[in-house]
Amino acid sequence: MIIVTGGAGFIGSNFIHLWLENQQESVLNLDLLTYAGNPENLSIYQEDDRYKLIQTDIGNRVLIDQILAEHKPRAILNFAAESHVDRSILGPQAFLETNVMGTFHLLESTRNYWTKLPLSQQKDFRFIHVSTDEVFGTLTPEAPAFTENHPYEPNSPYSASKASSDHLVRAWHHTYGLPTITTHCSNNYGPYHFPEKLIPLVILNALQGKSLPIYGDGQQVRDWLYVRDHAQALMTVLADGEPGQTYNIGGNCERTNLDVVRTICTHLDQIRPKADGLSYAEQITFVTDRPGHDRRYAVDTRKISQSLGWEPEETFETGLLKTIQWYLDNPEWVEHVTSGAYRQWIQTQYQQP
Ligand code: NAD
Ligand code: TYD
């Protein structure tokens with residue numbers, strides 16, 4: 001069996017869906033169920049013997065040690081993290097606790113378990129650390145995309161905490177021989193994305209007649225990848241990736257934020273036209289920029305493509321249409337996640353009455 005941490009979040013739950021659609025092997029999901037963790041994302045597997053959720057902090061050494069000894073996983077994929085840059089600016093502590101100390105404790109529990117395995121199982125074991133392109137900092141418009149060898153230059157509390165965890169993972173491989181692999185993925189979008197992040201926030205605000213907040217001039221550039229393509233890339237890395245290596249994962253699809261928001265509006269104008277005949281783009285509002293806002297991210301994905309044969313299946317256009325349709329088709333999920341705690345965040349971040 002395999003263990004997924006943070007599997008009740010956006011990318012982890014999409015990974016588990018893809019896994020259970022394609023594999024007989026069981027998945028144990030270890031998730032603290034913070035505001036970002038939603039067991040409903042996986043409710044269709046509630047009765048499935050191959051799936052189990054245990055609510056725990058990845059930093060709970062006693063419990064994690066017990067779980068590893070009992071379930072004997074052949075791999076651990078670490079998705080668990082505090083993941084929202086804006087939250088890291090307002091309150092960085094949780095990011096250090098989970099992303100840095102949580103990863104440290106998980107590495108120690110894993111090492112403790114792994115050293116006791118028979119040699120053949122030690123060799124085949126994998127610890128996959130799901131990281132981000134944001135650890136590399138920001139790019140000028142003309143600069144080549146980040147390669148795996150780009151220096152670490154994190155600029156936000158979020159990216160600094162992820163960078164720290166990457167260094168720990170690297171050191172646990174180098175020093176103790178733990179078979180780790182770290183991946184650096186660009187911005188994901190798709191089903192089950194918590195609507196504090198740009199794409200789901202804009203889709204839902206548009207439909208609710210609210211403003212579509214663009215930070216600064218909206219000319220910041222992100223590379224976008226459909227979440228199931230990320231999940232597929234992680235399955236490929238788990239199967240064929242080389243321990244001690246790092247792999248970039250991305251969609252080769254750079255867009256300015258303003259472009260992304262305008263494209264969502266154009267699609268919604270066609271799929272769900274407004275009664276007053278106006279475009280959703282009329283709701284775009286420029287708001288104060290994020291402090292320390294990284295201008296551009298772009299990832300060079302030649303390594304994973306050439307050495308493991310992975311390529312994304314979706315273009316931004318096909319992936320975005322699927323995503324918009326998913327939010328239109330799942331009003332109940334939306335209603336459940338936009339709870340009191342969510343409304344409080346939106347009020348704090350955007351200072352709405
Ligand atoms: P998310 O915020 O949607 O989910 C995070 C999950 O981790 C939640 O289910 C939460 O309950 C759980 N969690 C938080 N703290 C925990 C703890 N201490 N112990 C156990 N579980 C805990 O995040 P996401 O967007 O799904 O991102 C998953 C991973 O991928 C993160 O490590 C993130 O840094 C990385 N990543 C995200 C993106 C992106 O675009 N979202 C891109 C590249 C990399
Ligand atoms: P986000 O989804 O938070 O991802 P990240 O900061 O990890 O890239 O934001 C994507 C981009 O959209 C980022 O440049 C910030 C910008 N943004 C807005 O302009 N308005 C918003 O309300 C949000 C949430 C993000």
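**Entry 1. Charges over rings**

Which residue lies over the face of Y176, and at what distance from the ring centre? I looked this up in a predicted model. The residue is R111, and the distance from the ring centre of Y176 is 3.8 Å. I also looked at Y35. The charged end of R87 sits over the ring of Y35, 3.6 Å from the centre of that ring.

**Entry 2. The open sheet**

I then went through the strands. An open sheet is formed by 7 strands, and I noted their order as β3-β2-β1-β4-β5-β6-β10, with parallel pairing. Which strands are at the edges? They are β3, residues 51-55, and β10, residues 246-249, and each of them pairs on one side only. From one strand to the next, I noted an average twist of 20°.

Strand β6, residues 180-185, runs parallel to β10 and is joined to it by 4 bridges. For C185 I looked up the bridge partner in β10, and it is I249.

**Entry 3. Helices across the strands**

Which strands does helix α4 lie across? I found β1 (2-5), β4 (75-78) and β5 (126-132) for this helix, which spans residues 93-114. Helix α4 runs at about 165° to β5. Helix α6, residues 157-176, lies across β5 and β6. The angle I noted between α6 and β5 is about 155°.

**Entry 4. Aromatic pairs**

How many aromatic pairs does a search of the whole structure find? The search gives 19. I took Y189 and Y226 as one case.

Y189 is buried, at 1% relative accessible area. Y226 also counts as buried, with a relative accessibility of 6%.

I turned to F194 and Y342 as another case. The ring centres of F194 and Y342 are 5.6 Å apart, and the planes are at 90°, so this pair is edge-to-face. F194 lies in the loop between β7 and α7 (198-207), whereas Y342 lies in helix α13 (residues 340-350), so the pair ties together parts that are 148 residues apart in sequence. Both residues are buried.

**Entry 5. Helix α13**

Which residues of α13 are buried? They are Y342, W345, I346 and Y350. I looked down the axis of α13 and found its buried residues within an arc of 100°, so they line one face of the helix. On the face turned away from the buried side are A341, R343 and Q344, which are exposed.

What do the buried residues of α13 pack against? I listed α3 (85-90), α7, β8 (212-215) and α12 (331-337). Q351 follows α13 and has a positive phi, near 50°.

**Entry 6. Positive phi in loops**

Most residues other than glycine have a negative phi. I noted L33, which is not a glycine and has a positive phi of about 55°. L33 is in the loop between β2 (27-31) and β3. Is L33 buried or partly exposed? L33 counts as partly exposed, at 23% relative accessibility.

N252 is not a glycine either, and its phi is positive at about 50°. I found N252 in the loop between β10 and β11 (254-256).

**Entry 7. T138**

I ended with T138, in the loop between β5 and α6. T138 is partly exposed, with a relative accessible area of 33%. Which residues is T138 in contact with, leaving aside its neighbours within four places in sequence? I listed F146, N155, D294, R295 and R296. I also looked up T138 against S26. Their C-alpha atoms are 39 Å apart in space, and the two residues are 112 residues apart in sequence.

Conventions. Residues numbered from 1 in each chain as written. Chains lettered and ligands numbered in written order. Predicted model: local features only at pLDDT ≥ 70, side-chain atom pairs only at ≥ 80, totals over all residues. Heavy atoms only, no water. Phe/Tyr/Trp six-rings, centres within 6.5 Å; stacked < 30°, edge-to-face > 60°. Buried < 20%, exposed > 50% of the residue type's maximum accessible area, 1.4 Å probe, protein only. Helix = DSSP H or I, 4+ residues; strand = E, 2+ residues; numbered from the N terminus. Lys NZ or Arg CZ within 6 Å of the ring centre and 35° of its normal. Pairing = 2+ DSSP bridges. Axes fitted to C-alpha atoms, helices over the stretch in contact; angles between N-to-C directions. Contact = heavy atoms within 4.5 Å. Arc of directions from axis to C-beta.
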